[in-house]
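Please consult the sequence and the three-dimensional view while reading the points below.

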Amino acid sequence: MSAVRRLEAEGADELVERETELRLLTRLIGDLEHGHGGSALVLGPAGSGRTALLDQVASLAAERGLQVFTARGSATEADLPYGLLSQLLASIPELVDVPWLHAALADGTDVHVLHELLCQRLLESARRCPVLLVVDDLILADEQSEAWLAALQRRRGNDPVLLVAAHSGSQDTDGDDAPLYLGGLPWENRHVVRLRPLSEAAVRQLVHAVPAPRLPVAEVYAATRGNPALLAEVLARSSAGPGPEITAITADVRRDTVLDLLARLPSDLAALVRTIAAIGTLDEAYLRPLAAPLGMPLNRALRVLADSGLIGTDPAEPMNPQVATWVLAATGADERAGTRRRAAELGHRRAAPEEDVAGLLLGSQPVGEPWALETLHAAALRRREAGDHTEAARYYRRALAEPAPPGTSARLRLELETVEASSCPFTGGLRLARATRISGDDTVRTRLSAVDLMMQRGARDDALRELAVLSEAAVDDRDRADLVALHWLAEGTGAGAALHGIPALADLDPAALTPTQAAAASWLATTSCRDGRVARRLARRAADPSHEPMTLFSPRLAMAITFTQTDDVLEALSVYEEVIADASAAGAGVPVALGLTGQAWIHLQRGRVQAAEDALAKAAASGPPDGWPATVSASLSTIAIAAALTRGDLEAAQRAVDAAGDGGPLYSAPYLLFMRGLLELDLKRHRRALGLFQECGRRMNAAGWLNPGLVPWRSHVAIAAQALGDEHTAAAMISEEWRLAQNWGTRTAIGRTHLSAGVAVRSEDAVFRLTQAVNALQQSPARVLLVEALLLLAGAQLNRGQTSGVPRLLREAERLATAYQLAWATSRIADLGKRLSDRPRRSFRTASRRWRALSPAATDLVRRVLSNASNAELAEELGVSKRAVELRLTAIYRQLEVTGRAELRELFDALDKEL
């Protein structure tokens, strides 16, 4: 145990952090020299340095001329009569000349006579020279040796015999004053030494004593938990040169130790260890009928294994999970499966918790009884509800190994294919298609769910084919209504299919639509850019809590997008939250990811970039990193690019673009193309941006998505075309988007179109457009767009020399940028503020000269304007029309070279007192 030793300057070896324990034992050795016996018990877990401490004590006693006899218990000799005592006898001079001793031990001479003779000889030897008996791993001693040690303890009296024993202490109480009868030995007046793990300071001392490379102390301490044996191995291996990580070294050491000990155990104890690893319990009522015949009582065998560290003593964790894994890896598959089957049958008979029985069945051979199938199916459903679809698939596959009626097997296969479509993305489409073809009387709802997942994966053509087949089946009214809604979503227009009995949306009364159909209708109204109020009413009808809740995910996701596009983002977030919860319970990873990316998009709209990135991280972690379907992978890339652009981090946006794939011709691909175009626009690569925006538009038109709220590609084509000098294209695109935005009617769509027009049109019209954008976006949830509009308007006003309103715009933009941590806006605000401060201010002389140049009537009118009188009030006071006042003021503004009331006040700030 060199890891717990440090080399002192004088060259002596000393145990680290064992000074107190060693001092106590040294005092007992001193007492023994003076003829006083006693006993001491050293307690500590495996690897804590018990053996090192006993070796130190034995060496000290030998140096002082005392007799030292040592022995060590072992799991391999725990059932060998007098195995430990034989080790002691080999060193006692008074017993060497007893010719019949070994035969007596072998043929079972009278035990009391034998014990009396051995005690008498040992005590005679101790009277001539004090004796130290050192017994390591006492708990592993055989019963006969324990009985003799107990007899010695009773016969010792005042003779100079000191017994120092050690074991793990797993069977003892923590209090030093508690009665202790270890292995049947009376330990009156004993001394207890408890070995604690090394502290972090001690670990640091030992690590620093090792030549370079020096290991990180905190990592070493965390990996070894202060266990001296593990620490020794880590330091030894690290000093040999570069190698595995510290955690890997500790795991290797533990595994090697476990497998070595397992190999050295008697076959009956090794079989017991494998049984415990297989069934995961220390309950003797389970173990006794399952374990092979033992050479010792079961409770004693468990104590032996606990002291060896192979099993624990806590019923909640009978074996360390890592140890169980290593043990099972060394166990034959047939033996493992057979043991678990017998344990499952026993658990079922004893009415054990169903979850425990299902866990045993998971790795067992087929049972062939109905209860086994029912237990496995119930466990699979629980895992699906908990969102653990990978584990649910394991239970389904195991359930299919049990004999079952054809209908039950079909239903289990269908549920398995549906779950695995979420957990195995590479074959998900194939699995869902196979799932819809499984027949059975009770599978229509599940087959609809499979089609639902197909659509979320972007397989609209496959979904339409499967719906056509399913429409021929006998279904109830609810399933028929959901089938119609899925068909409308899949074909994208609501035209229906008369051949398959699917009506067109236009042929139905909106008031008669089911919630699922209303959700699908709201999406179709959104994509076709009908009146936004109509789409919102349909979505609200679908979300009405008084109706039966929807179970399909595609209609609910479509409804959430409708709420988002109608500026009802709180309702959209609520719908997404419900979809995520239900999809997680069903083990459907795709709708979980789509729900999270939908939430992330709303967070970005509202300027909550960190919340968006958190939702993005959850979405990415909710499924396989490299195997999402195109719909999800494109959504993840879109949000990643958008978040980086919102933060103003163009390098991160470029990395996200480089890592993105194409989402296919429909679904998420237009969003991804649009984001790539925005990045090119920010990088001033206008021709590339124009191409991406135009391709985005082609795909949007192919899908029938006209709404500029979904992707405002037209206005951005206008911006890129304007930058390239194509004013005709820019004007046409802005005109078309403005028409559609007015038709949709939401504040966000109108404000965004005004904003884009303010960038793409001639400068003399920019202030008007941007002012309209600010007015609209102030009443929308699009906070980031509002900040952009405020800054563009401030810049446009500075360009035209209209500086009076700029400070207010910059203050509002700064407030929002600070609240939402928009770094890109902060730098632009600073630049605009510098431009404003650098403009020359009008002097007192200029203001006075212009004031004197006014006629008395104009001067009087200006005084009234500066006192905040409105045009209507002025008209009433002067007895003229409001239009006449406006004309007079326009002439005054032109004479003073200002653009309005705000700049008029700014001009005469220097004359405040006089006015």
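At 7% relative accessibility, Asp 137 counts as buried, where buried means under 20% relative accessible area, exposed over 50% and partly exposed in between, with a 1.4 Å probe and protein chains only. The model is predicted, so that local features need pLDDT of at least 70 and side-chain atom pairs count only at pLDDT 80 or more, while totals for chains, interfaces and linings use all residues. Residues are numbered from 1 along each chain as its sequence is written, and side-chain values use heavy atoms, with hydrogens and water left out.

**Residues with a positive phi**

- Most residues other than glycine have a negative phi.
- Asp 137 has a positive phi of about 50 degrees although it is not a glycine, and its place is in the loop between strand 5 and helix 7.
- Helices (H or I, at least four residues) and strands (E, at least two) are DSSP runs, numbered from the N terminus.
- Asn 868, also not a glycine, has a positive phi of about 75 degrees.
- Asn 868 lies in the loop between helix 43 (856–866) and helix 44 (871–878), and it is exposed, with a relative accessible area of 62%.

**The sheet**

- Strands of a sheet pair through backbone hydrogen bonds, either parallel or antiparallel.
- Five strands form an open sheet in the order 4-5-6-3-9, with parallel pairing; two strands pair if DSSP finds at least two bridges between them.
- Strand 4 (67–72) and strand 9 (191–194) each have a single partner strand, so one side of each is left without a neighbour in the sheet.

**Strand 5 and its partners**

- Strand 5 (residues 131–136) runs parallel to strand 6 (residues 161–167), and five bridges join them.
- Strand 4 and strand 5 pair in the parallel sense over six bridges.
- Leu 133 stands opposite Leu 163 in strand 6, and Phe 69 stands opposite Leu 133.
- Val 134 stands opposite Val 164 in strand 6.
- Six of the six residues of strand 5 are buried, so this strand is largely enclosed by the rest of the structure.
- Val 131, Leu 133 and Val 135 point one way from strand 5, whereas Leu 132, Val 134 and Asp 136 point the other way.

- Thr 275 is found in helix 12 (residues 267–279) and is buried, with a relative accessible area of 6%.
- Not counting residues up to four places away in sequence, Thr 275 touches Gly 280, Leu 287, Leu 290 and Thr 339, where contact means heavy atoms within 4.5 Å.
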